[in-house]
Amino acid sequence: WLSRHGAIEASMKAMTPPRFKVERGVPLSGLSTFGIGGPARYLARCRTVSDLRRALDFAQREGLLRPKQKTVFVIGKGSNVLFDDRGYDGLVIANELDFCDEISVASTSSNDEEELSLRAGSGYAFNTLGQRLSTAGWGGLEFAAGIPGTVGGAVFMNAGANGFETCEVLACAEYMTSEGELKSLDFREGSCGDSGGSGFAYRTSPFQKMGGDLLAVVSATFSVRSSPGAKARAREYMVRRGQTQPLRDRSAGCVFRNPVGEGMPSAGALIDGAGLKGHSVGTASVSPLHANYLVCRETGAHSARDMRALIEEVRARVREHAGVELTTELKIVPFQAGEDGG
């Protein structure tokens, strides 16, 4: 699989390995799909596990890992974050571990299909992974086609769409602790859902419960099966996504988690029911196409202050209209440790 889709790119990267360095004052607006965010005090682009450890050593020397005041934040494609207009007064680590390796191909017990195991770096584009697998006839990650973000973000958030979730095809994952130790979790014996024993549920993973002990997911191993219809399903999902989501606007995807419970409307339906489609606060608007997408208007300087005000107004209006308390799946990143991140 890799030889058909990534061998040339991989060999080019191997010929020119970039040196690790820490930059200062890099605008975070360029690292966020919202296009919002002031400068980072420090930015480290990490392409290897060794780079992650170097970034940790730098953070330790600069006093950025103090208990309860840790000022290190890891991002992938910046598709699920809202940075402060002032930026981030700490170290932002841009996760660029974007390798993808085939591990094995084997026949299943039924012998009428094959099973592929592959390991992808946490900085690898989740959308690319879904598209390449489905195009090559492997099923299980068709839903990933069109989802922005990285493999690491998808694992951390248990990303999903069209009734499928990341944990359904996740075999194991490696992660690095805030002490620089490399560990792994095996999910082959568990299953998705609150009672599955794996720690995964809707937009929930065991990594979220690690808190400050986790630095970053490093890699994920997926197990997918041959499926002649995979390419067509991925294309169908992409077409549907283009018809129902504002893909050309600056957004961070869905901002609110869907309420959990039988018969509960989606967050988008609740926002729409409150009459908020198209509603704006300054440069931030509720998308007229999909109400759970808050987007930046084309004109004007994009503002975290406006976006946060719109988020709070949407929550208040839905609470008043439907009696439901919406919670964000978007990560709101404060300028300094201890400030309200939303």
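Modeller: Asp-89 has a relative accessible area of 24% and is partly exposed. Please keep in mind that this is a predicted model.

Biologist: Why is Asp-89 called partly exposed?

Modeller: Buried requires under 20% and exposed over 50%. The relative accessible area of Asp-89 is 24%, so Asp-89 is partly exposed.

Biologist: What makes Asp-89 and Arg-41 a salt bridge?

Modeller: The limit from nitrogen to carboxyl oxygen is 4 Å. The side chains of Asp-89 and Arg-41 meet at 3.8 Å, N to O, so the pair counts as a salt bridge. Asp-89 belongs to strand S6 (residues 88-95) and Arg-41 to strand S3, so the pair ties together parts 48 residues apart in sequence. Arg-41, at 36% relative accessibility, is partly exposed as well.

Biologist: How do you know that Arg-240 and Glu-236 form a salt bridge?

Modeller: Their side chains meet at 2.8 Å, N to O, which is within 4 Å, and therefore the pair qualifies. Both residues lie in helix H6 (residues 230-244), four residues apart, about one turn of the helix.

Biologist: Is Cys-296 buried or exposed?

Modeller: Cys-296 has a relative accessible area of 6%, under the 20% limit, and is therefore buried.

Key
Residues are numbered from 1 along each chain as its sequence is written. This is a predicted model: local features need pLDDT of at least 70, side-chain atom pairs count only at pLDDT 80 or more; totals for chains, interfaces and linings use all residues. Side-chain values use heavy atoms; hydrogens and water are left out. Buried means under 20% relative accessible area, exposed over 50%, partly exposed in between (1.4 Å probe, protein chains only). Helices (H or I, at least four residues) and strands (E, at least two) are DSSP runs, numbered from the N terminus.
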